[in-house]
Amino acid sequence: MKICVINPNTTADMTERIRLAAMRAARPDTLIVARNPEDGPVSIESHFDEAVSVIGVCEEVMEGARQGCDAYVVACFGDPGLNAARELVRAPVVGIAQAAFQMASLIATRFSVVTTLSRTCVIAEHLLHSYGYAHLCRRVRAAEVPVLDLERDPDLAYWLIVEEARKARDEDGIGAIVLGCAGMADLAPRIGEAIGLPVVEGVGAAVVLAESLVALGLRTSKTGDLAFPPPKHFSGRFAAFSQ
């Protein structure tokens with residue numbers, strides 16, 4: 001099967017890290033295609049960044065459909081544009097936050113999230129409530145690592161994340177950690193060793209769930225709010241979306 005893994009920001013180096021994390025989790029016969037939009041924010045650290053990135057996510061899903069992809073992963077912890085992307089295709093579309101929360105709930109009765117910046121904690125909290133996992137999450141913590149510092153200074157970023165994960169282990173009464181950024185995906189095994197708890201990263205979790213949905217023959221429902229968008233005219237820069 002072919003899975004399109006979409007990094008909603010425009011930083012190609014991060015897309016490559018995400019691709020490698022996806023490949024580590026994928027079955028040997030799964031083809032991972034990792035893409036990022038040409039236009040949009042270099043990192044996603046605010047509601048505005050997310051809003052701007054959604055068009056790029058949708059464009060990448062539409063391109064993936066033309067290339068015959070069997071499933072999609074939205075590889076940003078805010079799951080930007082997730083339901084909009086689901087409207088566009090019958091293939092499964094999995095967001096890494098939803099996938100990570102689901103996986104953590106299967107291995108622990110309580111977990112905490114360690115994310116990048118304090119301002120993004122609220123976004124993760126909104127998702128926990130929206131997806132129905134708020135009662136399982138003890139706390140959303142910020143390591144105060146800007147997303148691009150995961151690329152610029154990976155050693156410092158790693159130690160800041162480990163320090164916050166240790167605090168979560170010692171203070172929150174949890175059984176697992178969820179990493180709250182796709183750019184942290186490659187750090188999960190090292191962090192797990194350092195703190196002695198299971199560490200769930202969303203890219204691998206989403207890939208495995210996407211594979212499972214395809215294997216089970218389950219596709220996005222086209223009855224109700226995830227039906228294909230009604231055809232209409234779009235103007236200006238969005239004219240290409242006209243049907």
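**Close-up views of the predicted model**

**View 1. Asp-172 is a buried residue.** Its relative accessibility is 7%, so Asp-172 counts as buried. The cut-off for that word is under 20% relative accessible area. The model shown in every view is predicted. Arg-141 is the partner to look for next: Asp-172 forms a salt bridge with Arg-141. The closest N and O atoms of this pair are 3.0 Å apart. Asp-172 sits in the loop between H7 and strand E7 (176-179), while Arg-141 belongs to strand E6, so their bridge ties together parts that are 31 residues apart in sequence.

**View 2. Arg-141 also pairs with Glu-164.** The structure has a count of 12 salt bridges, and the one between Arg-141 and Glu-164 is shown here. Its closest N and O atoms are 2.7 Å apart. Arg-141 is part of strand E6 (residues 137-142) and Glu-164 is part of helix H7 (residues 154-171), so this bridge ties together parts that are 23 residues apart in sequence. Are the two partners buried or exposed? Arg-141 and Glu-164 are both buried. For Arg-141 the relative accessible area is 2%.

View 3. Arg-152 reaches 61% relative accessibility and so counts as exposed. Elsewhere, salt bridges with shared partners join Arg-141, Glu-164, Glu-171 and Asp-172 into one network.

**View 4. Helix H4 crosses helix H9.** H4 covers residues 96-107, and H9 covers residues 202-215. Their axes come within 8 Å. The crossing angle is roughly 85°. That angle falls between 65 and 115 degrees, so H4 is roughly perpendicular to H9. Which residues of H4 and H9 meet? From H4 come Ile-96, Ala-99, Ala-100 and Met-103. From H9 come Gly-202, Val-203, Ala-205, Ala-206, Val-208 and Leu-209. The contact of H4 with H9 holds 9 nonpolar residues, 1 polar residue and no charged residues.

**View 5. The protein is divided into domain 1 and domain 2.** Domain 1 takes in 2-95 + 204-241, and domain 2 takes in 97-201. The C-alpha centres of the two domains lie 22 Å apart. How many residues does each domain give to the contact? Domain 1 gives 28 residues, and domain 2 gives 30 residues.

**View 6. Thr-15 lies in helix H1.** This helix spans residues 12-25. Thr-15 has 6% relative accessibility and so counts as buried. What does Thr-15 touch beyond its neighbours within four places in sequence? Its contacts are Asn-7, Ala-34, Arg-35 and Asn-36. Pro-37 is 22 residues from Thr-15 along the chain, and the C-alpha atoms of the two are separated by 10 Å.

**View 7. Glu-60 is found in helix H2.** Helix H2 runs over residues 47-66. Glu-60 has a relative accessible area of 9%, so it is buried. Setting aside residues up to four places away in sequence, Glu-60 touches Ile-6, Arg-35, Asn-36 and Pro-37. Arg-35 and Asn-36 are also among the contacts of Thr-15.

**View 8. Asp-79 has a positive phi value.** The angle is near 50°, in a residue other than glycine. Where does Asp-79 sit? Its place is in the loop between strand E3 (71-74) and helix H3 (82-88). Asp-79 has a relative accessible area of 5% and is therefore buried.

**View 9. Glu-144 has a positive phi value in a loop.** Phi is near 55° here, again in a residue other than glycine. The loop that holds Glu-144 lies between E6 and H6. Is Glu-144 buried or partly exposed? With a relative accessible area of 43%, Glu-144 is partly exposed.

Conventions
Residues are numbered from 1 along each chain as its sequence is written. This is a predicted model: local features need pLDDT of at least 70, side-chain atom pairs count only at pLDDT 80 or more; totals for chains, interfaces and linings use all residues. Side-chain values use heavy atoms; hydrogens and water are left out. Axes are lines fitted to C-alpha atoms, for helices over the stretch in contact, and angles run from 0 to 180 degrees between N-to-C directions. Helices (H or I, at least four residues) and strands (E, at least two) are DSSP runs, numbered from the N terminus. Angles under 35 degrees count as roughly parallel, over 145 as roughly antiparallel, 65 to 115 as roughly perpendicular and the rest as oblique. Contact means heavy atoms within 4.5 Å. Ala, Val, Leu, Ile, Met, Phe, Trp, Tyr, Cys and Pro count as nonpolar, Asp, Glu, Lys and Arg as charged, and the others, Gly among them, as polar. A salt bridge is a side-chain nitrogen of Lys or Arg within 4 Å of a carboxyl oxygen of Asp or Glu. Buried means under 20% relative accessible area, exposed over 50%, partly exposed in between (1.4 Å probe, protein chains only). Domain bounds come from an automatic or database domain assignment.
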